[in-house]
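Please keep the sequence and the structure in view.

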Amino acid sequence: MPDLSKMRQEYVSKGLHKEDLEINPFKQFEKWFNQALEAELIEPNAFTLSTVGLDLKPSQRTVLLKMYDEKGFVFFSNYKSKKSHHIDENPNVSAHFAWLGLERQVRIEGKISKISKTASMKYFLSRPKGSQLGAWVSHQSQVVNSRSVLESKFDEMRKKFSKGEIPFPSFWGGYQIVPTYFEFWQGGLNRLHDRFIYELKDDETWDINRLEP
Ligand SMILES: Cc1cc2nc3c(=O)[nH]c(=O)nc-3n(C[C@H](O)[C@H](O)[C@H](O)COP(=O)(O)O)c2cc1C
């Protein structure tokens, strides 16, 4: 095994200052997201979604952000997957974007719910046919004996839906995370990183505070 204790990245960015922050965390997210795009980071819209079910055991997985606005952050998934079972049991989730090429991370916490069927359908219809069929094929998070089972099912579905549009699967759709908390982290020299949190207050404005690194 390589000596991991010697792996050390010095963070050299100019830091994050309170006066540079947007008052609105969605605007701050947008600013950083655009910079992640400009920096051509790999899949900047990929984030880690954490859920906790009734068994209180946390679980994480990567999903892709497909839309965001000041209402929340949207991704799509199978509504019968492990994440969905957790979400049915407990709507409190967290999202984590690691933009390491910019020495940044963003943490978001909030409540999640399904988006409307109409909005899910609209996105489903915009997907490539292969992805649409993939949604039909996968009983996401269930055990399958072999890859060939999936490939045969894919062929079966392709034949079944060869004419016209592929119908919308009722067990698939979008989720929206509505944040109550954001943290923007910027790596700093000598491990003195900059961390700013935004917490939603009762009057719908956001409290901004710096955290120790
Ligand atoms: C880069 C990347 C992007 C992914 N995007 C999604 C996604 O948008 N939606 C999704 O359901 N799964 C996505 N996955 C797969 C999930 O990480 C996960 O394997 C799957 O959703 C099942 O998770 P669960 O068993 O916890 O429900 C992605 C995986 C990777 C590595």
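**Reading the model**

Q: Is His 193 buried or exposed?

A: The general idea is a count of neighbours: a residue is buried if 20 or more other C-beta atoms lie within 10 Å of its own, exposed if 12 or fewer, and partly exposed in between, with C-beta atoms placed from the backbone. His 193 has 20 such neighbours inside 10 Å, so this residue counts as buried. This is a predicted model, in which local features need pLDDT of at least 70, side-chain atom pairs count only at pLDDT 80 or more, and totals for chains, interfaces and linings use all residues. Residues are numbered from 1 along each chain as its sequence is written.

Q: How many helices and strands does the protein chain have?

A: Helices (H or I, at least four residues) and strands (E, at least two) are DSSP runs, numbered from the N terminus. The protein chain has five helices and nine strands. His 193 is placed in the loop between β7 (172-186) and β8 (194-200), whereas Tyr 11 belongs to the segment before α1 (25-38).

Q: Which residues does His 193 touch, leaving out those up to four places away in sequence?

A: Two residues are in contact if their C-beta atoms, placed from the backbone, lie within 7 Å. His 193 touches Tyr 11, Trp 185, Gln 186, Gly 187, Gly 188 and Pro 213. Tyr 11, in turn, has contacts beyond four places in sequence that include Glu 103, Leu 189 and His 193. Tyr 11 is partly exposed, with 16 other C-beta atoms within 10 Å.

Q: Which residues are closest to the ligand?

A: A residue is near a molecule if its C-beta atom, placed from the backbone, lies within 6 Å of that molecule. The ligand is surrounded by 16 residues, the closest being Arg 61, Ser 77, Ser 81, Lys 82 and Ser 141. Two or more residues of this shell come from each of β2 (58-64), β4 (72-78) and α2 (82-89), and β2 supplies the largest share, five residues.
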